[in-house]
Amino acid sequence: MKSKWNLKTIILMTLTALICGVIYWLISFLYTFCSAILTPFGLAPMANDLTQGPWILAGTLIGCLFQMPGSAFFGQFLSSIIETFIGDKGGIMDAVSGIFDGIGTELGFLITGYRKYNHFTLALTSLLTTVSTFGYSWLFDGYRFLNLGLLTLLFCVRFISIFVVSDFLTLGIIKLLRQSGALSLIQSK
């Protein structure tokens with residue numbers, strides 16, 4: 001599936017990012033619902049960690065589909081910009097979050113040299129995305145004020161959420177696209 005940066009590739013990545021940006025906006029409603037449920041138990045921050053996985057779909061999906069340097073970051077950041085313009089309650093901070101999300105996602109592919117797009121690479125990507133997005137939450141969401149036990153729990157929940165989406169959902173979507181023949185749009189020269 002190795003693609004090159006050209007107009008067709010950029011258009012296909014942008015269309016994928018657009019779909020993911022709408023999904024991100026929809027996930028914000030799930031986040032609000034989870035937050036309301038968890039607040040009485042003192043676990044409101046966990047809503048962010050439970051829903052973090054779907055918020056990184058664009059990076060792993062576009063990275064795996066196009067398999068070229070920068071594609072994961074581009075897809076993730078563009079999706080967050082689209083979410084911002086749709087009018088998500090996070091405002092411009094959604095785009096800032098997209099930078100952290102995209103860096104973590106891109107690093108996983110970078111470390112494997114953009115050669116392997118398998119469970120190991122996606123597990124590594126999940127871990128690095130968890131670390132980078134946790135950095136965002138540390139800086140902007142007040143995680144630095146939480147106790148170590150809660151931070152550990154939140155980190156583990158976030159990793160599981162990201163891993164399920166970036167590994168199983170991403171590979172599942174790619175399998176469906178392959179079966180439908182839609183990947184020929186990306187593979188054709």
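Me: Which helix gives the largest share of the lining of the second largest pocket?
Reply: Helix 1, with six residues. This is a predicted model, where local features need pLDDT of at least 70, side-chain atom pairs count only at pLDDT 80 or more, and totals for chains, interfaces and linings use all residues. Residues are numbered from 1 along each chain as its sequence is written, and side-chain values use heavy atoms, without hydrogens and water.

Me: What makes a residue part of a pocket's lining?
Reply: It has an atom within 4 Å of a pocket point. A pocket is an open set of points on a 1 Å grid over the protein atoms alone, where a 1.4 Å probe fits, with protein on both sides within 12 Å along at least five of seven lines. For the second largest pocket, 16 residues line it. Nearest its centre lie Thr-16, Ile-19, Leu-65, Leu-177 and Ile-186.

Me: What is the volume of the largest pocket?
Reply: About 460 Å³. Its 27 lining residues include Asn-48, Trp-55, Asp-94, Tyr-136 and Asp-141, the closest to its centre. By class, the lining has 10 nonpolar, 10 polar and seven charged residues. Helix 5 gives the largest share, five residues.

Terms used:
Grid points are joined across faces, edges and corners, and a volume is the space filled by probe spheres set on the points. Helices (H or I, at least four residues) and strands (E, at least two) are DSSP runs, numbered from the N terminus. Ala, Val, Leu, Ile, Met, Phe, Trp, Tyr, Cys and Pro count as nonpolar, Asp, Glu, Lys and Arg as charged, and the others, Gly among them, as polar.
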